[in-house]
Every structure is written in C-alpha cells, then in structure tokens.
Amino acid sequence: MSQDPNQQPPKIEFPCEDYLVKVVRDSDDQTHEFVLEVMRRHAPGLDEERITLRESRNGRFTSMTFYILATGEPQLQALFDELKAHPSVHMVM
C-alpha cells in the first residue's frame with residue numbers, strides 16, 4: 001500500500017483539549033524538573049495528575065506523557081522548540 005504524496009496531514013482544530021505531548025528524556029531529576037517547568041509555562045492549567053512516566057528497560061530514559069489544552073500552532077511550536085533544545089531531551093512528539 002503506497003501513500004498519496006499529495007495527502008495533507010490532518011488539521012487540528014484549536015483550541016484542542018487533551019492534546020497529547022510525549023517527551024523522551026534522560027532519567028535524571030534535573031531534566032524531569034526542566035520538562036515540568038516548560039510544560040507548566042506553555043500549558044497553563046496543566047493537569048499534573050494525568051502525567052504518566054515510563055522508564056526504559058535499562059532505566060536510562062524516561063518517557064513523560066502529558067495531556068494539554070493546545071491553543072494554537074505558536075504555542076505548540078514554542079513548546080516543542082524549547083524542549084528539543086535541551087541536550088537531555090531526546091524526542092518530543
């Protein structure tokens with residue numbers, strides 16, 4: 001099955017409740033606090049009760065899953081750019 005090269009990605013309607021953001025980072029306290037601080041700043045009202053953490057098999061990495069209220073492209077771009085700029089953050093989805 002081949003993918004249509006003209007196919008556009010699905011459009012997100014803003015505001016978008018329960019927008020999922022996953023961050024894969026080193027498993028250390030400083031990086032954990034950095035990610036939380038960035039998420040709190042860019043997603044006011046972040047429900048920290050819904051954050052899930054999952055360690056990698058060897059314990060070197062931790063994935064953090066957040067559900068935020070996405071207000072628009074500028075918010076998401078700023079959030080992703082700031083997280084990806086940190087050397088201990090390996091992936092932001």
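Colleague: What do the buried residues of H2 pack against?
Modeller: In this predicted model, they pack against strand E1 (16–26), helix H1 (29–42), strand E3 (61–70) and strand E4 (89–92).

Colleague: Which residues of H2 are buried?
Modeller: Gln75, Leu76, Leu79, Phe80 and Leu83. They lie on the same side of H2, because the arc they cover around the axis is only 120°.

Colleague: How many residues does H2 have, and how far does it reach?
Modeller: H2 covers residues 73–84, which is 12 residues, and spans 16 Å from its first C-alpha to its last. That is close to the 16 Å expected at 1.5 Å a residue.

Colleague: Switching to E3. Why is it largely enclosed?
Modeller: Because 7 of its 10 residues are buried, E3 is largely enclosed by the rest of the structure.

Colleague: Which sense do E1 and E3 pair in, parallel or antiparallel?
Modeller: Antiparallel, over 9 bridges. Within that stretch of topics, cysteine 16 stands opposite alanine 70 in E3.

Colleague: How many bridges join E2 to E3?
Modeller: Strand E2 (residues 52–55) is joined to E3 by 4 bridges, and the two run antiparallel. Leucine 53 has methionine 64 in E3 as its bridge partner.

Colleague: What do E2 and E3 form, and what about glycine 59?
Modeller: They form a hairpin with 5 residues between them. Glycine 59 is in the turn and has a positive phi of about 80°.

Technical notes
Residues numbered from 1 in each chain as written. Predicted model: local features only at pLDDT ≥ 70, side-chain atom pairs only at ≥ 80, totals over all residues. Heavy atoms only, no water. Expected span 1.5 Å × (residues − 1). Buried < 20%, exposed > 50% of the residue type's maximum accessible area, 1.4 Å probe, protein only. Arc of directions from axis to C-beta. Contact = heavy atoms within 4.5 Å. Pairing = 2+ DSSP bridges.
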